[in-house]
Amino acid sequence: MLAINLKRVYLVNLSSQLVASFYKPLNQGQILKTYLAVKQIKAKPMTLGEYNNYRKWDIPKQEDPFREGYLVEYPDGYQSWSPKEIFDASNLEIQDSTKISQADLDLFIGPNALGSMKLGDKTTMVEMIPRTGFSMYETSSCVDPVNYDHEMGCNICVEKLKDRL
């Protein structure tokens, strides 16, 4: 399995509910910076217990060894474990590690990522919110309002947005 983390924002906030059990809280006054992470990684499903066995570590008593997650390997060879819910929310499996296919792009965009509206009497605007959570906008217009076709305008906008991705 190969996963790619496409423009996913990681707010490095260690007090997050999802990662709180893995990190000690920061001292008061420490300020965390925000980072945007874009990387291609390799991963395979592995429970927390399996990961600890792989590392030859004892699992802490307060941790659930059956918690689902992934062994993650970064391009520099560094390995870590990620809880399934965090991994699934921030990574997208691609079928071919040498390219991003149309099917991969469609999964990245998602089925409910589009909204559209008519601006004035001859312009269509489409908003796309892919898995990154960032809104992307595109417009298309016709010369004469008599020729306005909202569906055609949407199709043109979506193709432009896909090209930008």
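**Reading a helix, its rings and a cysteine**

Just after α1, Lys56 takes a positive phi of about 65°. The model is predicted.

Q: Which residues of helix α1 are buried?
A: In α1, residues 48-55, the buried ones are Leu48, Gly49, Tyr51 and Asn52. They span an arc of only 160° around the axis, so they sit on the same side of α1.

Q: What covers the buried residues of α1?
A: The cover includes two strands, β3 (69-73) and β4 (79-83).

Q: By what is a pair of aromatic rings described?
A: Two values do it: the distance of the centres and the angle of the planes. In this structure, a search of the whole model finds 3 aromatic pairs. Tyr51 and Trp57 form one of them. Their centres are 5.7 Å apart, with 85° between the planes. That pair is edge-to-face, because planes over 60 degrees apart count as such.

Q: Tyr51 and Trp57: buried or partly exposed?
A: Tyr51 is buried, at 6% relative accessible area. Trp57 is partly exposed, at 46% relative accessibility.

Q: Why is the pair of Tyr74 and Tyr78 tilted?
A: The ring planes stand at 35°, so the pair counts as tilted; the centres are 5.8 Å apart. Tyr74 is partly exposed, with 23% relative accessibility.

Q: How many disulfides are there?
A: A disulfide needs two cysteine sulfur atoms within 2.5 Å. By this rule the count is 0. Take Cys154: its nearest cysteine sulfur belongs to Cys157, 6.5 Å away, and Cys154 is in no disulfide.

Q: Is Cys154 buried or exposed?
A: Cys154 is buried, with a relative accessible area of 15%.

Terms used:
Residues are numbered from 1 along each chain as its sequence is written. This is a predicted model: local features need pLDDT of at least 70, side-chain atom pairs count only at pLDDT 80 or more; totals for chains, interfaces and linings use all residues. Side-chain values use heavy atoms; hydrogens and water are left out. Buried means under 20% relative accessible area, exposed over 50%, partly exposed in between (1.4 Å probe, protein chains only). Helices (H or I, at least four residues) and strands (E, at least two) are DSSP runs, numbered from the N terminus. The arc is that of the directions from the helix axis to the C-beta atoms. Contact means heavy atoms within 4.5 Å. Rings of Phe, Tyr and Trp (its six-membered ring) pair if their centres lie within 6.5 Å; planes under 30 degrees apart count as stacked, over 60 as edge-to-face and the rest as tilted.
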